[in-house]
Amino acid sequence: MWPRKRFDIRLTDIATGIFYCLKPFPAAQARERLEKFWAPDGDGLAFLSVRSGFDALWEALGLPEGSEVLITAVNIPHMAEIIRFHRLVPVPVDLDLERMAPLEDLLPKLQSEKTRAIVVAHLFGGQVRMEPILRWAKENGLLVIEDCAQAYSGLHYRGHPEADVSMFSFGSIKTATALGGALFRIRNPQLAARMRAVEERWPVQSRLKYLQRLLKYAWFSVVCRPVPFALFVSTCRLMGYDYDQIIHSAVRGFPGSDWREKIRHRACAPLLLLLLRRLKRYDMARLAQRAAKGEMLLDLLSQHVFCPGAKAENRTHWVFPILVDDPVAVTSRLQQAGFDAARTHSLTVIEAPPNHPASPPLAESKRLLQQLVCLPIYPEIPDRAIRRMANVVLEAYRPTPLFIPKTHPIG
């Protein structure tokens, strides 16, 4: 069986991370080396995770209570919860599913006198065209935060130069993963200094916990190959366990109700050093191969099945999503054919604030999550398997009318 995801890290990298855990090295020095490499101009900050930096950002900004933040409606729940924790109000913006971008004509309607910022997430390995959003935001004096957690595509793109904040994740299932870590670009030096001051109050991540994480993913890297994975799935089914839930729970970055306490740590030296190694040595040919495999699958399916993000820019296909009218049936057919398609994910539709004068129905974002199936796509899957997977989808797919809203670019 082809697993839904191959962790984008080699066993030699994990072994190097284990060596770093055993080697004394000050975290401050490791962080300085990483940040200088990431942002030679001095506007880079390293964090334990995007959630950690996002939390530090709102504390450093100190916006008035009740200030509103426009945010991509489809997101991980913690992002909205962090905003609310700082007594701010997340206002979701529905999506143009073809581009996986906020509907630009909604932005003026959702803006109020309390709006202070907009958070734009690049989803599924594609990129949102930022220029219209940036132009509108700057005209209205709004802070622009670019969430690139799912869209790392190499060192050539480290955030849009006009965005106020750009955030990149290197968590366990991300491209070029170091099994943790995040890198930010903060264009305002005063804001960056305040964020660093917030982070300095946090304890340093335990080397032992990071070592345990490395060992866990060494095991996962072996299991997540076709033959061992098929054995794992069969064993779970024989024992009455839901392998899908086991995998989803195991790869969650910050499980449990105490997640906010967990994110408020500084990254340890081994994590920072491994992330630096990953950035310096990352095989861009592998990323190009994954993108090419994704484009091949897109060509095979897009005339018959709606593929969210098919018109996004710079598609690297970190995840390959499709929308179908019966996702349970399609997922079952794919799994029977040897493809570990998934409905389980960490995304949610952020709830609109009650009684907001312009609260939208979020129809497209809700449809996305209701009909979503994610297909496995990575360099190790041969072309013949991709063609066979496409045939299984087309045989299982029962089309329903698709409503793709027309968008009206700003300006």
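Glutamate 295 is partly exposed, at a relative accessible area of 24%; here buried means under 20% relative accessible area, exposed over 50% and partly exposed in between (1.4 Å probe, protein chains only). Its salt-bridge partner is arginine 315, at 2.8 Å from N to O, where a salt bridge is a side-chain nitrogen of Lys or Arg within 4 Å of a carboxyl oxygen of Asp or Glu. Glutamate 295 sits in helix α13 and arginine 315 in the loop between α13 (284–301) and β11 (320–323), so the pair ties together parts 20 residues apart in sequence. Helices (H or I, at least four residues) and strands (E, at least two) are DSSP runs, numbered from the N terminus. Arginine 315 is partly exposed too, at 25%.

This is a predicted model, in which local features need pLDDT of at least 70 and side-chain atom pairs count only at pLDDT 80 or more, while totals for chains, interfaces and linings use all residues. Residues are numbered from 1 along each chain as its sequence is written, and side-chain values use heavy atoms, with hydrogens and water left out.

Searching the whole structure turns up 24 salt bridges. One of them pairs arginine 201 with glutamate 59, with the closest N and O atoms 2.2 Å apart. That pair links distant parts of the chain, 142 residues apart: the loop between α7 (189–200) and α8 (207–223) holds arginine 201, and helix α3 (residues 50–61) holds glutamate 59. Arginine 201 counts as exposed at 56% relative accessibility, whereas glutamate 59 is partly exposed at 30%.

Then there's lysine 262, which meets aspartate 258 in a salt bridge at 3.3 Å, N to O. Lysine 262 is partly exposed at 30%, and aspartate 258 is partly exposed at 34%.
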